[in-house]
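Have the structure open while you go through the points.

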Amino acid sequence: MSGIITTEYIREKYLRRLPTAFCPGCGDGQILGALIRAIEQLNIPKNEIVTVSGIGCSAWIPSPYLRIDSLHTTHGRPIAFATGVKAANPKLKVIVVTGDGDAVGIGGNHLLHAARTNIGLTVIMVNNAVYAMTGGQVAPTTPHEAKTSTTPYGNPAFNLNVSEVVAAAGASYVARWTTWHINRLIESIKKAMNKKGFSFIEVISQCPTYGGRLLNMDHIEMLHYFRDNFRENADGMFRIGEFVDVEKPELTDELEKLIMKVKS
Amino acid sequence: MIGPGKYFVEGDVAAAYGAIMAGCRFFAGYPITPASEITQAMAELLPKYGGKFLQMEDEIASISAIIGASWAGIKSMTATSGPGFSLMQENIGYAAMTETPIVIIDVQRAGPAIGQATRPAQGDVMQSRFGSHGDYENIVLSPNSVQEMFDLAVKSFNLAERFRVPVILLSDAEVGHMMERLNVPEKVEILERKRAVTFEETTKWGEDLIPPMGRFGDGLELIVTGSTHKPDGTRDTGEPDVQDQLVRRLINKIEKNRNLIEDWEEIDSEDADYLIVSYGASSRPSKGAFMKLRERGLKIGYFRPRVLWPAPEKRLYELSERVKKVFLTEMSLRGYRMEIEKIFPKSVIHIPKVNGKVHSVKEVLSSIEVSI
Ligand code: SF4
């Protein structure tokens, strides 16, 4: 079903240009590929989709590559911008592509509240555990003691399990995959996009340029590390799979109901 | 529903009425004194008009959401005061860069920082124009009555739509909270943005330098970015000419059209040797003082910008030819001073008040009397 070979057809249909500006071996290209395959397999007309991103390497996944309306916003704010798009036109499928620094570092407040209000956005958070675009600095997702360009002696702080936080905040759908699990990711994006409420997918991804250099691994070794360590029955950050999958009232639906009530 | 007729409401509520009449159908905001009454009024009114109201988690989220909603084709607004206005600055620049029509009401309170939350001030005048980083241009209006909170709210939307810029309705706690009569007309004049039907159209502009705006969901495959971009929206942060042309156009679309935007009230300036310049709440005692001085036979005029930015420079330069002294009355030590001193370099007598209270007529009078 979810073949990952890029056909000329979907390339032309969804991408403005190739190659991308991502470093060789970066997971962002894989996630871009997964996203367009999910959209294609769902057969959603492109004019019913809006993509929103913030600042960071992952923000470039939709903008400017996708041939779909894209809003490339300020750092940390894509979920808040997307909230306005969705509220203004609830018929649109609004997809936010964000990074760990964007969604949890600077923009954590918006993530929490979007999950709480259960607004019908699909958020794909690329977690490469560093601030990559600015040179590999420590992020809220960087493991304890890891060396980064701003933790040259190791990270004194601890990383956040973002998916668990989003689940606790009230999202309708929460899943975590890695770039080793692309077929699962495609199926998950499809499911998330069909969810009424707030759906959140965390994708553990490789940044060979910064993460890889510090770990002394190339992108293949990083992918193998994902394969060997991330499992559905693992604990903590190493757990992958679907964490939440429920139906509950969605914010823009509730707003429409409220309008009907006030008007009558 | 807001029918035509006479109302007795506070300024904040009048602004909400104006926004609704102008076609605002999305509001995102965060509570803050003294602007909460606007937010509350919008929460009550919008659903009646089929519009959406969202209370967001903070002011950054509020301005983000209204920019998003504007791109989905809905006229959108937020309202705040000093601390929240400071938080919004980054995205005001984003709206300028992406040419997104939005309206922000800043009901000024005394600062800096938390300051006096319930007291009026006019210390955000420079921030309202220069608050975001980089070169950009926006439009700032200054109401001085409940009626003008309504009228200028309508006008703010029209200017935002026409020029594709963030427009700031810069009020203050005095005008926002005062109760006065409001006349709501049968109909108000409404301007809509030029809507692009094809992607091609979004990449071109005519003499007014304003490209038609696309809308999300219309299949135009728009690229909207706050990064430096080519006319088609694609990011290009390396090419010097792309940045140069973009920034110049963002400035020039206001600069070159300023005669369509500038707006002021002017009384008895033709033969004036002296001129009182004031705006917002402080223009009211200033006008009182002006009338008293005229009664006494002093050749004094009264000048009140309703649009602060772009400033009515041409007219003020004309007046500077004959006016000997200018009295600038405002609730700020900085406020509009640099602008007025630029035009009248040696003749400005500044009459600021910064204790959280509006000047009395007597105070303005005595300040003027000692200097003539
Ligand atoms: S810096 Fe890292 S995350 Fe960014 S494009 Fe390169 S490999 Fe990917």
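This is a predicted model: local features need pLDDT of at least 70, side-chain atom pairs count only at pLDDT 80 or more; totals for chains, interfaces and linings use all residues.

**Notes on the A/B interface**

1. How many salt bridges does the rule find across the interface of chain A and chain B? There are two. Polar contacts between chain A and chain B come to 17 residue pairs, with both partners at pLDDT 80 or more.

2. Which parts of chain A do the touching? At least two residues each come from β2 (69–72), α3 (78–88), α5 (108–117) and α10 (251–263) of chain A. By type, the side of chain A that touches chain B has 17 nonpolar residues, 13 polar ones and seven charged ones.

3. On the overall extent, chain A brings 37 residues to the contact and chain B brings 39. About 3100 Å² is buried between chain A and chain B, and carbon and sulfur atoms give 62% of that area. Within chain A, the residues losing the most area to chain B are Asp69(A), His72(A) and Phe81(A), which together account for 18% of what that side buries.

4. Have a look at the strands too. β2(A) pairs with β10 of chain B (residues 223–225), and the two run in the parallel sense over three bridges. To get your bearings there, find Ser70(A), which stands opposite Ile223(B) in β10(B).

Key
Residues are numbered from 1 along each chain as its sequence is written. Chains are lettered from A and ligands numbered from 1 in the order in which they are written. Side-chain values use heavy atoms; hydrogens and water are left out. Contact means heavy atoms within 4.5 Å. Buried area is the accessible area (1.4 Å probe) that two parts lose on being put together, summed over both. A salt bridge is a side-chain nitrogen of Lys or Arg within 4 Å of a carboxyl oxygen of Asp or Glu. A polar contact is a pair of N or O atoms within 3.5 Å; within protein, one must be able to donate a hydrogen and the other to accept it, and residues adjacent in sequence count only if both atoms are side-chain atoms. Helices (H or I, at least four residues) and strands (E, at least two) are DSSP runs, numbered from the N terminus. Ala, Val, Leu, Ile, Met, Phe, Trp, Tyr, Cys and Pro count as nonpolar, Asp, Glu, Lys and Arg as charged, and the others, Gly among them, as polar. Two strands pair if DSSP finds at least two bridges between them.
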